[in-house]
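Please look through the chain below with its strands, helices and side-chain contacts in mind. The paragraphs that follow take up these topics in turn.

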Amino acid sequence: FSAGNEPTTVHPLAIRAAAAFDIDISGQQSELLDAYVGQKFDFIITVCDRMREVCPTFPGDPHQIHWSFPDPAEVSGPEEARFAAFLQTARELNSRISYLYLMMQRQGKAV
């Protein structure tokens, strides 16, 4: 699941960056975090400092992980420079998600 406190449309450069990893997010939409309040999760991962501050408490005491990323949408300049910022964020997310997946497998947790 993915949600935020200020949902917007999925940025075209995010779609392009995900496509570089053979991931199609073109049909995705941004959702409001409130839609998930009260649901149980094993992990809550925040990726921006603002969201970390306002993230609600979820039942079941899920593991809370914070990965602080600069917002690539705030980068200005030519499109290729802006795309490079989105691509860098996608690389870092891919790396961290892969590591989390590996750690969960090693601990025998369902993935």
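With which residue does Glu 80 form a salt bridge, and how far apart are the closest N and O atoms? The partner is Arg 16, and the closest N and O atoms of this salt bridge are 2.9 Å apart, where a salt bridge is defined as a side-chain nitrogen of Lys or Arg within 4 Å of a carboxyl oxygen of Asp or Glu. This pair links distant parts of the chain, since Glu 80 lies in helix α3 and Arg 16 in helix α1, 64 residues apart.

The model is a predicted one, in which local features need pLDDT of at least 70 and side-chain atom pairs count only at pLDDT 80 or more, whereas totals for chains, interfaces and linings use all residues. Residues are numbered from 1 along each chain as its sequence is written, and side-chain values use heavy atoms, with hydrogens and water left out.

Arg 16 also forms a salt bridge with Glu 79, with 3.2 Å between the closest N and O atoms. Here again distant parts of the chain are linked, Glu 79 being in helix α3 and Arg 16 in helix α1, 63 residues apart. The count of salt bridges comes to two, and Arg 16, Glu 79 and Glu 80 are linked by them in a network. In general, side chains of opposite charge can pair when their charged atoms come close. Glu 79 is partly exposed, with a relative accessible area of 42%, and Arg 16 is likewise partly exposed at 30%; buried means under 20% relative accessible area, exposed over 50%, and partly exposed in between, with a 1.4 Å probe and protein chains only.

Helix α3 spans residues 79-106, helices being DSSP runs of H or I with at least four residues and strands runs of E with at least two, numbered from the N terminus. Its 28 residues reach 40 Å from the first C-alpha to the last, close to the 40 Å expected, a span taken as 1.5 Å times one less than the number of residues. Just after α3, Gly 108 takes a positive phi of about 75°.

Strand β1 (residues 43-46) has a covered face, formed by Ile 44 and Thr 46, and an uncovered one, formed by Phe 43 and Ile 45. β1 pairs with strand β2 (residues 63-66) in the parallel sense over four bridges, pairing requiring that DSSP finds at least two bridges between the strands. Within this pairing, Ile 44 stands opposite Gln 64 in β2.

The aromatic pairs come to four in number, rings of Phe, Tyr and Trp (its six-membered ring) being paired if their centres lie within 6.5 Å, with planes under 30 degrees apart counted as stacked, over 60 as edge-to-face and the rest as tilted. Phe 1 and Phe 41 form one that is edge-to-face, at 5.4 Å centre to centre and with 80° between the planes. Phe 1 is exposed, with a relative accessible area of 78%, whereas Phe 41 is buried at 14%. Ring pairs link Phe 1, Tyr 36, Phe 41 and Phe 58 into a cluster.
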